[in-house]
Structure formats: C-alpha cells, structure tokens
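Please read it alongside the sequence and the coordinates.

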Amino acid sequence: MLLKIFIINSVLITIVVLIHFEALNFLSIMLPKFPVTKRYRVLFGVFGGLIAHALEMWLFAIGYFLLIENGEFGSLDGAFNGTLLDCAYFSFTTYTSLGYGDIAPLGYLRYLAGLEALTGLVMITWTASFMFIEMQKFWSRS
C-alpha cells in the first residue's frame, strides 16, 4: 500500500511540475511576441501563471477524488460531502497553504496533502521569480 501511494503521489507531483515548466516556458516565448505595450505583457504573464496554478490545483483535486472513491487510501473529514468540488476546495486551500482546517485528510491522503502544500509553495515561488524577471524586462523605468 505504501508503495502504491508513493507512486501515485510521485506521478501527480511530476505532472504538476511539468505543467508548470511548460506553462512558464510558453509564457517566456510568447510574452515578447504579444502585440501590446510592454506593461500589458506583465498582465498576460500574471494571468498565464494563475491559469497554470488553477490547472495544477484541479489536478490534485481529481487525484483526491479518485483516491477517495477507491476507498483504500483514506478520506477527507469535516465539512466534506464527497464531491469533486469539495476536493477542489480542499486542494486550493492546501496548495496555497491557506489551510482553513474545515476539511482534514485521513489515512494516506495526509501524505498527498503535505506534498501538495510543499509543491504549491515551490510552484508559487517559481511563478513569482519568473514574473520578477519578466517585469524587469518589460516594465518601463520611469
């Protein structure tokens, strides 16, 4: 069982990192080509980063949902009624490390929740670093 959850967690995190890498790579190629002023390119970059983060959080949400449906990996406890939307809410609060605490993971899902928080922290700081570099390129120095 421990090997299964290790593999599932590793695959989820790998997919999230690859999505983020490809999103930032796409933005780094496309931002200079946008036919708008340099300042607005930063806005496109911010929205691109937000879309990547939302996609990644939904991926984790689907992972939680499927693991819960399987039944052998644990569950979510508290203000949770078993829907994909509740899994998404839990994922969004975990990924961002907001953690309201109204839903708590049980069983092997605790490991995925911890790894999601760590992964979210790394992805968010990666986006912040990327946007800082892009702002240095595009922001006018007035």
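Predicted model: local features only at pLDDT ≥ 70, side-chain atom pairs only at ≥ 80, totals over all residues.

1. Helices (H or I, at least four residues) and strands (E, at least two) are DSSP runs, numbered from the N terminus. The expected span of a helix is 1.5 Å times one less than its number of residues. Helix H1 covers residues 2–30. With 29 residues, H1 reaches 42 Å from its first C-alpha to its last, close to the 42 Å expected at 1.5 Å a residue.

2. Residues are numbered from 1 along each chain as its sequence is written, and side-chain values use heavy atoms, with hydrogens and water left out.

3. The chain contains four helices and two strands, in the order α-α-β-α-β-α from the N terminus. Its C-alpha trace spans about 55 × 30 × 20 Å along the principal axes. Of the 142 residues, 35% are buried (under 20% relative accessible area, with exposed over 50% and partly exposed in between; 1.4 Å probe, protein chains only).

4. Contact here means heavy atoms within 4.5 Å. Among contacts between residues at least 6 apart in sequence, 72% join residues at least 24 apart.

5. In H1, the buried residues are Ile5, Asn9, Leu12, Ile13, Val16, His20, Ala23, Leu24 and Leu27. These residues pack against H2 and H4. As background, an α-helix has 3.6 residues a turn, so residues three or four places apart point the same way.

6. The axes of H2 and H4 come within 10 Å and cross at roughly 170° (lines fitted to C-alpha atoms over the stretch in contact, with angles from 0 to 180 degrees between N-to-C directions). H2 is therefore roughly antiparallel to H4 (angles over 145 degrees; under 35 is roughly parallel, 65 to 115 roughly perpendicular and the rest oblique). Their contact has 14 nonpolar, five polar and five charged residues (Ala, Val, Leu, Ile, Met, Phe, Trp, Tyr, Cys and Pro count as nonpolar, Asp, Glu, Lys and Arg as charged, and the others, Gly among them, as polar).

7. Helix H3 (residues 84–95) has 12 residues and reaches 16 Å, close to the 16 Å expected. Its buried residues are Asp86, Cys87, Ala88, Phe90, Ser91, Thr93, Thr94 and Tyr95. What covers them includes helix H2 (38–70), strand S1 (74–78), strand S2 (103–107) and helix H4 (109–138). Just after H3, serine 97 takes a positive phi of about 60°.
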